[in-house]
Amino acid sequence: MLSMETLTYGILALLGVISLLGTYLAIIEKDLVKAVIFSALQSTAYAFIFYILMAPDIVLVYVPVAVGLYPAIVLFLIKKTGRLDGDEP
Amino acid sequence: MKGWKHVIAITSLVVSTSVLALATAIGGLGYILPTPGVRDLAYWYLVTVLSPSNKLFTAMSPEAVTSIVWDYRGLDTLFETSVFFLAIIGSIALMRGIKIVPERLRNYSSGMSPIVKTVTRITAGMIIAVAASIALHGHLTPGGGFQGGATAAVAPLLLMVVFSIYFIIKSGITEERMLALRTAGLVGIVFTAFSACIIAASLGTQAYVFQNQPKSTAAVGLPASIMGSLTSGTLIFFNLFEFFAVAAGFTIVFLLLSIPENIVKQALRGVESEH
C-alpha cells in the first residue's frame, strides 16, 4: 500500500514534470501568446507545489502575480511588439 | 520527424531532472538532506511569535510569516517596498506628459459582450472582497499586505480588458488618483514604523524605530488587541497600508501599459520636434 508520504512526494514529482513540460513548450513555442499560456501552466504547477510544501503565504502571492499579473504584462508587451518570435514589430 | 525531436528532448529533460533529484536525495552530492522535522530556528520563531509570557521576543500574532516580514525583519521589507515604489516612479517618468486617454475619446465606449460585462461586475467585487480579507487578516491567517494588494490589482486589470480603458478612466481610476493612493499608503507605512517612537516621545521616554511590542529597555509599544480582537500592534497597520500601496502601484503600471503605441510615438515625436 502507498503511504501518505510517498503519495505526497509522488504528486510533487508529477507537478514538477508538468512544470518542466510547460517551461520547455514555452521556450520552443514561436507564437508568443501560446508561450505565455504555457508559462502560466508552469506557474500553476508551482503554485500547487508551494501549497503541498506548506507555504500558503507564498501561494497567495504567487497565484495573482504569476497567473494573473505577469501574463497580463507580457500580453500587453506582445500586443505592442509582435506576436511571432523573430518578427519585426 | 520534427515531433520526435521534441519527445526525445522532453524525455531526456525529465529523466535527467529525476536522476539529479534522486542523487541529491540519497546524498550523492556529498551531504544528506536535513530531516523533514521542525528545525531549531523555525522552532524558536514558532514558540515566540505568539507568547504573551515571553514579552521580550513576541510579536503577538499567530502568523509567523507576517511577524517575520513586518516585525523581526521589518526594515528589509521597508526597503523592498521602496524598491517597488522606485520602479513605479521610473515607469511614470518614462511615460510623463502622455495623456492615457485623449480628450476626443473620453466618452467612447467599447468592450466585450453584456454577458461578459455582467459576470465581470460580479467577480470584480468578489476579487476585491477576497483581497481585503487576505490583507486585513494578514496577521491572523496566511496572507498580508502584498498578497492582498496583488490580488486586488487583478480587479482593475479585468475591468480594463472587459470594459476597455475608457471605462476605467471615466469611473475615476486615474493615474493621478492611484499615485495619490500609493503615496498615502507609503506615508502610512513610514508613520507606522515611527509610531512607537512618537508614542514614546509624547510620554517622555524612548523607543526603537520599527518597534512593535514593548521591550525591556523601551517600555512602550502598540496594543496587541483592540476591544478584545487581536490586531498584533503594528502588523495590521503595515498590512493595511501595504495593501493600498501595492494595489495602486500595479494599477498604475497597467494604466501606463494600456496606452496605445501610436499615442506614445506621437507624444515622443512631439517632444523631439520641440527641441
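Predicted model: local features only at pLDDT ≥ 70, side-chain atom pairs only at ≥ 80, totals over all residues.
Visitor: What makes the two chains count as touching?

Guide: Contact requires heavy atoms within 4.5 Å. By that rule 28 residues of chain B are in contact with 18 residues of chain A.

Visitor: How do you know how much area chain B and chain A bury between them?

Guide: The figure is the accessible area lost on being put together, summed over both parts. For chain B and chain A this comes to about 2000 Å², with 80% of it on carbon and sulfur atoms. On chain B, I10(B), Q147(B) and L257(B) supply 25% of the area buried against chain A, more than any other three residues.

Visitor: How many salt bridges does the rule find across the interface of chain B and chain A?

Guide: A pair needs a side-chain nitrogen of Lys or Arg within 4 Å of a carboxyl oxygen of Asp or Glu. The count across this interface is 0. Polar contacts, however, are found for 5 residue pairs, both residues at pLDDT 80 or more.

Visitor: Which helix gives the largest share of the side of chain B that touches chain A?

Guide: That is α1(B), with 6 residues. By class, this side of chain B has 19 nonpolar, 7 polar and 2 charged residues.

Visitor: How does the radius of gyration of chain A stand against that of a compact globule?

Guide: For 89 residues the globule value would be near 12 Å, whereas chain A has 16 Å.

Visitor: What share of chain A counts as buried?

Guide: With the limit at under 20% relative accessible area, 31% of the 89 residues of chain A count as buried.

Key. Residues numbered from 1 in each chain as written. Chains lettered and ligands numbered in written order. Heavy atoms only, no water. Buried area = accessible area lost by both parts, 1.4 Å probe. Polar contact = N/O pair within 3.5 Å; in protein donor to acceptor, adjacent residues only side chain to side chain. Helix = DSSP H or I, 4+ residues; strand = E, 2+ residues; numbered from the N terminus. Nonpolar A, V, L, I, M, F, W, Y, C, P; charged D, E, K, R; others polar. Rg over C-alpha atoms; globule rule 2.2 N^0.38 Å. Buried < 20%, exposed > 50% of the residue type's maximum accessible area, 1.4 Å probe, protein only.
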